Every structure is written in C-alpha cells, then in structure tokens.
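Please keep the sequence at hand while going through them.

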Amino acid sequence: MSAQVPDHLVDRLIELYCQWRTECWEVRAAYERFASTIGDDRALAYGAYLAALDREESAAGVYAEQTTRVASLIRHAEKRCDAVEPHERRGGSPAAARGA
C-alpha cells in the first residue's frame, strides 16, 4: 500500500513551486536591469533588485514549508501503512492468516 497525497495539497505545492520559480526569473530580470543601468537610476535599480530578492526568498520559504508539510503527511501515512497487519494487506481475515 502506498501513501497518497490529496489532490488539493499537490495542486498547492505545484502552485507554490511556480510562484517561487516566477520570483527567481524576476530576480534575474531585476539584476539584468540593475547591471545595465547607469547614472542616477542605478540606486533605484539596485533597490528593485533587492526587493526582488526579498520576494524570491519569501516565496522559497512558503514553498519549503508546504514541501515539509506534504513530506510529513507522506511519512505519517507510510507509518500507518507499515502498521497494517499482513492479513489486512492481502485482504484476508485474521482467522485465514492463522490457517483456521
């Protein structure tokens, strides 16, 4: 028997992963803008880059928390599966397992 994760948790995990990856791309774009900016706007571009880094870090943290929750749920479900008696895994009765 394998542990199954409810669809809504998988959907949320995928959603959070996509949000994090989007923020990663935003960091890259903000850095490229900063690197190519000259003059008075450079400080503003750097501030935008730092803000993008903060958003990416936040998204990564939320994704990590959800990943931890799902992993914990799977471990818990697997422990329950391991605790199931052998006759229950085969769908038999306790008497059949004893040979009665």
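1. Thr37 sits in the loop that separates helix 1 (7-36) from helix 2 (41-83), where helices are DSSP runs of H or I with at least four residues, numbered from the N terminus. This is a predicted model, in which local features need pLDDT of at least 70, side-chain atom pairs count only at pLDDT 80 or more, and totals for chains, interfaces and linings use all residues. Residues are numbered from 1 along each chain as its sequence is written, and side-chain values use heavy atoms, with hydrogens and water left out.

2. Is Thr37 buried or exposed? Thr37 counts as buried because its relative accessibility is 17%, and buried means under 20% relative accessible area, with a 1.4 Å probe and protein chains only. A polar atom of the Thr37 side chain lies 2.4 Å from the backbone oxygen of Arg33. Not counting residues up to four places away in sequence, Thr37 touches Arg42 and Ala45, contact being heavy atoms within 4.5 Å.

3. Ala45 also belongs to the largest nonpolar core, whose 6 residues are Val27, Ala30, Phe34, Ala45, Tyr49 and Ala52. Helix 1 and helix 2 each supply at least two residues of this core. Such a core is a set of buried Ala, Val, Leu, Ile, Met, Phe, Trp, Tyr and Cys residues joined through side-chain atoms within 4.5 Å.

4. Glu56, in helix 2, is buried because its relative accessible area is 19%. Although Glu56 and Trp20 are 36 residues apart in sequence, their C-alpha atoms are 6.2 Å apart in space. Leaving aside neighbours within four places in sequence, Glu56 is in contact with Trp20, Glu23, Cys24 and Val27.

Conventions. Buried means under 20% relative accessible area, exposed over 50%, partly exposed in between (1.4 Å probe, protein chains only). A polar contact is a pair of N or O atoms within 3.5 Å; within protein, one must be able to donate a hydrogen and the other to accept it, and residues adjacent in sequence count only if both atoms are side-chain atoms.
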